[in-house]
Amino acid sequence: MELIQLGWNKTLEKSFKMYRTQGCEPARVFSEKKKTYSLYTADGEIDAAARGIMWHKNTDKHDRPAVGDWVALETGKEEGNKIIRAILPRKGVFSRKSTGSRKRLKTAAAEEQVIAANVDVALIVIGMDRDFNLRRIERYLALVQGSGASPVIILNKTDLCPDLGSRLKEVTAVVNDVPVIPMMARDNKQAETVYQFIGPGTTIAMLGSSGVGKSTIINQLLGYGRQEVKEISDRMGKGQHTTSRRELIILPGGGLIMDNPGMREVQPWTDEDTLTASFPDIEALAMKCQFTNCQHETEPHCAVKLAVETDALDRDRLENYRRMRGETQNLTQQRKESSWKK
Ligand SMILES: Nc1nc2c(ncn2[C@@H]2O[C@H](COP(=O)(O)OP(=O)(O)O)[C@@H](O)[C@H]2O)c(=O)[nH]1
Ligand SMILES: [Mg+2]
Ligand SMILES: [Zn+2]
């Protein structure tokens, strides 16, 4: 397989140059086992271990290979003993707060664990049944903001939505320029409409709650039933949680796709500025607040609160923003504590 079809590009080639002179070859991590990784190379699939230093207890989890990473692979060693020498610079990452060991948890220090690297397009799948929730859409958009990926929203199970027209209006009102695709993935071949966002070498990650149809969409794109689809009754709404292995699957029409990278809680691992950037309407209003650091709580002459009072800004949207900002501020504090301990 051509490296370009795996997402290789000029920027990567540049940063790989020095490794090439050292006899390394480029490879892309497509799944992660305990301490080994499965990689795509120009010559096919291969398993490799990471250099010992990457597992040292003082090595930040952030510096370990993750699914989606491009790495420099040491070649020339005897067969079956390939080693990952280095991770090439990432375009962006999806990460979560590491659960860490129990001992570590007690210290409440937050550590960033990369769960997917170099994602180009994040398909946020929302069920138009009971899953439908505007606030959740905002949370996913905040999560994607700063990840280096462009978001696309899929409103799936349109067959279970009696009022699609007005739902669509509600969604487009909160998502700005993010593309929104309504679809009925199960019964039609509508999943193929997402191909407009996928080119050769595009890396896609599917995000969304359990039971919204992520695996169904992937199977449609693949043309066969690779991902396990949970049978759930439409009446009950939610399905059981089946854990799928996190891996990058090559699509027949080009591109690579990852089922839910496993963000259990929809918690943006981000900073306040990145969060605010995913609420551009609030950001614009905040420029008109009297205080530059206005928190839009009790300050006088707050343009954001005024907008809520005059119905120019949705109260629930502001509430959701505030809640996420609170979480982000906590996280920033925990990160500080974590770096003091080092
Ligand atoms: N009614 C309806 N059900 C769907 C649609 N797409 C998927 N489903 C069903 O939703 C359930 C969960 O789908 P699945 O792909 O496993 O969801 P995942 O947890 O997000 O991977 C399955 O029973 C699917 O058949 C759709 O467009 N309409
Ligand atoms: Mg699934
Ligand atoms: Zn304000």
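**Sheet and helix packing**

1. In this predicted model, an open sheet of 6 strands runs in the order β10-β9-β8-β11-β13-β12 with mixed pairing, where strands (E, at least two residues) and helices (H or I, at least four) are DSSP runs numbered from the N terminus, and two strands pair if DSSP finds at least two bridges between them. The edges are taken by β10 (180-182) and β12 (248-250), each with a single partner strand, so one side of each has no neighbour in the sheet. Neighbouring strands are turned against each other by 25° on average, direction ignored.

2. Strand β8 (residues 121-127) pairs with strand β11 (residues 203-207) in the parallel sense over 4 bridges, and A122 has A205 of β11 as its bridge partner.

3. Helix α5 (residues 214-222) packs on the sheet and touches β8, β9, β11, β12 and β13 (256-258), contact meaning heavy atoms within 4.5 Å; its direction makes about 150° with that of β11. Helix α4 lies across β9 (150-156) and β10, at about 160° to β10. Axes are lines fitted to C-alpha atoms, for helices over the stretch in contact, with angles from 0 to 180 degrees between N-to-C directions.

4. The axes of α3 (residues 134-144) and α4 (residues 164-175) come within 10 Å and cross at roughly 35°. The contact involves L134, R135, I137, E138 and L141 of α3 with E170, V171, V174 and V175 of α4.

5. Residues are numbered from 1 along each chain as its sequence is written. Local features need pLDDT of at least 70, side-chain atom pairs count only at pLDDT 80 or more, and totals for chains, interfaces and linings use all residues.

Conventions
Chains are lettered from A and ligands numbered from 1 in the order in which they are written. Side-chain values use heavy atoms; hydrogens and water are left out.
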